[in-house]
Amino acid sequence: MYTLYYAPGAASMAVHLALLELGVPYRLERLDLKAGAQHAPAYRALNPHGTVPTLLVEGHPRSETIALLILLAERHPQSALAPAPGTDARAAWLQWLVHLGNAPMPLFRLLAYPADLGAERHAPETRAALERRLEACWDFIDAHVTKAGPYLLGAACTSADLLLAMLMRWSRHAPRPATAWPALARLADLVRTRPSWRRVHELEGLAAW
Ligand SMILES: N[C@@H](CCC(=O)N[C@@H](CS)C(=O)NCC(=O)O)C(=O)O
């Protein structure tokens, strides 16, 4: 049994999607980030960074979105969420997960949390620079999906695509949302038709995209 500590639409959404795709039993614990629930001592004991997601795995608290997606793939090797270990496709899947976790994801974090840079709000030039970096990420990923798509690994939808769709969703209010890139828009459309995508919206109480 898993327990996912989550906030609606936050980084926990990728792990929530993976749990739904796996069809395994899990419990949800919602954290009100605006109210500071992530700083409560009881939660900090589970996740010293005070962030979501945290996933209790057999009672052990585990964190870091990318690590959790890899862990779930390891624990459920029969699932279609990841290619088989030792294959070229597995290497590509790992590379994409780590790329998404290292390139666009921290840019979103910086955009959403100016306090990480010691500011109350971003100077317009800082925000513009972060947005340009994000657009460069979409350029790179879109070029790949245009050649190799419709998903990151070609014909198969994996947890890397669930993560990518979540990140694309985060860009919906950006000056140039990720759906402005055609191959990315197509990938997002495909992910949005999955029952897990609809269900996560119901369970987390999210508006459409
Ligand atoms: N590196 C972490 C980052 C997680 C993260 O920054 N989560 C945000 C929500 S998207 C959070 O919990 N923010 C609350 C806070 O920092 O106070 C991961 O990949 O899981």
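A salt bridge is counted where a side-chain nitrogen of Lys or Arg lies within 4 Å of a carboxyl oxygen of Asp or Glu. With that definition in hand, a search of the whole structure, which is a predicted model, finds seven salt bridges. One of them joins E21 to R194, and the closest N and O atoms of this pair are 2.8 Å apart. Because E21 belongs to helix 1 (residues 12-22) while R194 sits in the loop between helix 8 (182-192) and helix 9, the bridge ties together parts that are 173 residues apart in sequence. E21 is partly exposed, since its relative accessibility is 25%, and R194 is likewise partly exposed, with a relative accessible area of 24%.

Two further salt bridges can be followed in the model. D116 forms one with R109, where the closest N and O atoms are 2.8 Å apart; D116 counts as partly exposed at 40% relative accessibility, and R109 is partly exposed with a relative accessible area of 33%. The other is formed by E131 and R127, whose closest N and O atoms are 3.4 Å apart. Both of these residues lie in helix 6 (residues 124-148), and they are four residues apart, which is about one turn of the helix. E131 has a relative accessibility of 15%, so E131 counts as buried, the limit being under 20%, whereas R127, at 35%, counts as partly exposed.

Domain 1 takes in residues 2-79 + 196-204, and domain 2 takes in residues 88-194. The C-alpha centres of these two domains lie 20 Å apart, and their contact draws 20 residues from domain 1 and 20 residues from domain 2. The size of an interface is often given as the accessible area that is lost when the parts come together. For domain 1 and domain 2 this buried area is about 1,600 Å², with carbon and sulfur atoms giving 70% of it. Between the two domains the count is one salt bridge.

The structure holds five aromatic pairs, among them the tilted pair of Y5 and Y43, with 5.5 Å from centre to centre and 50 degrees between the planes. This pair links distant parts of the chain, for Y5 is in strand 1 (residues 2-6) and Y43 is in helix 2 (residues 41-46), 38 residues apart. Y5 counts as buried at 13% relative accessibility, and Y43 is buried as well, with a relative accessible area of 4%.

W197 and W209 make another pair, and because their ring centres are 5.8 Å apart and their planes meet at 35 degrees, the pair is tilted. W197 lies in helix 9 (residues 195-204) and W209 in the segment after helix 9, so that the pair links parts of the chain twelve residues apart. Both W197 and W209 are buried. Elsewhere, ring pairs link F108, W138 and W170 into a cluster.

Charged side chains can also be found over rings. The charged end of R192 sits over the ring of W209, at 4.2 Å from the centre of that ring, and the charged end of R176 sits over the ring of W181, 3.9 Å from its centre.

Definitions and conventions
Residues are numbered from 1 along each chain as its sequence is written. This is a predicted model: local features need pLDDT of at least 70, side-chain atom pairs count only at pLDDT 80 or more; totals for chains, interfaces and linings use all residues. Side-chain values use heavy atoms; hydrogens and water are left out. Rings of Phe, Tyr and Trp (its six-membered ring) pair if their centres lie within 6.5 Å; planes under 30 degrees apart count as stacked, over 60 as edge-to-face and the rest as tilted. Helices (H or I, at least four residues) and strands (E, at least two) are DSSP runs, numbered from the N terminus. Buried means under 20% relative accessible area, exposed over 50%, partly exposed in between (1.4 Å probe, protein chains only). A charge sits over a ring if NZ of Lys or CZ of Arg is within 6 Å of the ring centre and within 35 degrees of the ring normal. Domain bounds come from an automatic or database domain assignment. Contact means heavy atoms within 4.5 Å. Buried area is the accessible area (1.4 Å probe) that two parts lose on being put together, summed over both.
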